[in-house]
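Open the model in your viewer and keep the selection tool at hand.

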Amino acid sequence: MNPAEAITTAHSIAERLRADAVERDHANRPPQAEIELLRDSGLLALDPDDHPSTHAVTRIVAATDASIGHLLGYHYLHLWRASLYDNTELATSLRQEAATGRVFVAAVSNQRDTITATMTGDGLTVSGRGAFATGCAVADRLLVSAIRDDHTARLVVVTPGAGGGVSHPPDWDNLGQRLTASGSIAFDDVRLVRGDVLGTFPADEEESSPRRLRLSLVSLAFQATLTQVLVGIAAGAIDEAARYTRESSRPWPASGLEQAVDDPYVLAGYGELAATLGAARLLADDATRALAEADSRGLALTSTERGRAALTVSAAKVVSTRLAAEATSRIFEFTGARATTRRAGLDRFWRDARTLTLHDPVVYKARELGAFLLTGRYPPLTAYS
């Protein structure tokens, strides 16, 4: 699927998801049907190295269903990052599976997970439990981060999505992002061969090494993807609220107007949100371009280049987070009291935004920007920056 086809398809899928988004959010079922929709659409086969296209598709889908946009964005991210590790044969095989359009990929990589890889004579076994395993309960393949039992390295391995010792406790019942299947995951002596190891991180690897710098782009890719989802949530909230205002809102009696769409305060409020949304979109696309440019440098990427990309991504994350939180709340000022009904479902945008903005505290992104402004220090290499 070429980029133009992917954009067209994404808009079509977004409209299908919008049609019953409220009902599906209320039902809070694992997104099996939604993943099947993505499989049938061919969107899962989009080239994961094409960051501008994958991020555009992610934002389009997220505008009508933030959960499914989130899952799709992570699918592309995990396929892309697989190629950064040592086992190129396994990464190529994983991409070939995804290129059929039928294989959905997720990952387990929470820093606080207690997953251990025990080396055996002919392979290894993986055991432990992970949390916030986004999409894993409906995935076909998993990238799993595990600590070697001798604590000398962290491994990334590829496992099946279910079976063979992999299970998914049904414990995801959160405020928002309800269809991301982000509950916990359990591994009970999952047996793997050495060829299932995608990559290894020695405990003593220098931060400035070319390999470490390149792998550190994974953190920026997560942040850039989440930024696009947040911008999508804001865009979807504004669009859905505007539709409600046009079709259902009543003018306030004191306005002396016959239609809510003529109220100058409503017009100005929507205008302010639209202007900020435009700015957030540009920043999000700047972040995507910065990631793509850093990625194109390969092992020649320098610390300074990486640092500049990190600052661009952090700026976009700060603004998109603020916009998502503000827009999903302020829309109720322009739609009126009747828009708070469960049937209208406008609350789903706020719940999704509030949940996603807590993924990692955005104040630390602002601190990174302030530190560079005042001291010239670039963001450190962490799981979130």
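Select Asp286: this residue is partly exposed, with 34% relative accessible area (buried means under 20%, exposed over 50%, partly exposed in between, with a 1.4 Å probe and protein chains only). The model is a predicted one, in which local features need pLDDT of at least 70 and side-chain atom pairs count only at pLDDT 80 or more, while totals for chains, interfaces and linings use all residues. Residues are numbered from 1 along each chain as its sequence is written, and side-chain values use heavy atoms, with hydrogens and water left out.

A salt bridge here is a side-chain nitrogen of Lys or Arg within 4 Å of a carboxyl oxygen of Asp or Glu. Arg289 has 43% relative accessibility and therefore counts as partly exposed. Both residues lie in helix α9, 3 residues apart, about one turn of the helix. Helices (H or I, at least four residues) and strands (E, at least two) are DSSP runs, numbered from the N terminus.

Next, show α9 (residues 264-296) together with helix α10 (residues 303-335). How far apart are their axes, and at what angle do α9 and α10 pack? The axes are 8 Å apart and the angle is about 155 degrees. Axes are lines fitted to C-alpha atoms, for helices over the stretch in contact, and angles run from 0 to 180 degrees between N-to-C directions. The two helices are therefore roughly antiparallel, a label for angles over 145 degrees. The residues of this contact comprise 20 nonpolar, 4 polar and 4 charged. Ala, Val, Leu, Ile, Met, Phe, Trp, Tyr, Cys and Pro count as nonpolar, Asp, Glu, Lys and Arg as charged, and the others, Gly among them, as polar.

Move on to helix α11 (residues 347-356), where Asp347 and Arg351 are 4 residues apart, about one helical turn. A salt bridge joins Asp347 to Arg351, with the closest N and O atoms 2.8 Å apart. Asp347 is partly exposed at 28% relative accessibility, whereas Arg351 is buried at 10%.

Then select Asp20 and Arg24, another salt bridge, whose closest N and O atoms are 2.8 Å apart. Is Arg24 buried or exposed? Arg24 counts as buried, at 10% relative accessibility, while Asp20 is partly exposed at 32%.

Finally, select Glu15, Arg18, Asp239, Glu240 and Arg243, which are linked in a network of salt bridges. The whole structure holds 28 salt bridges.

Definitions and conventions. Angles under 35 degrees count as roughly parallel, over 145 as roughly antiparallel, 65 to 115 as roughly perpendicular and the rest as oblique.
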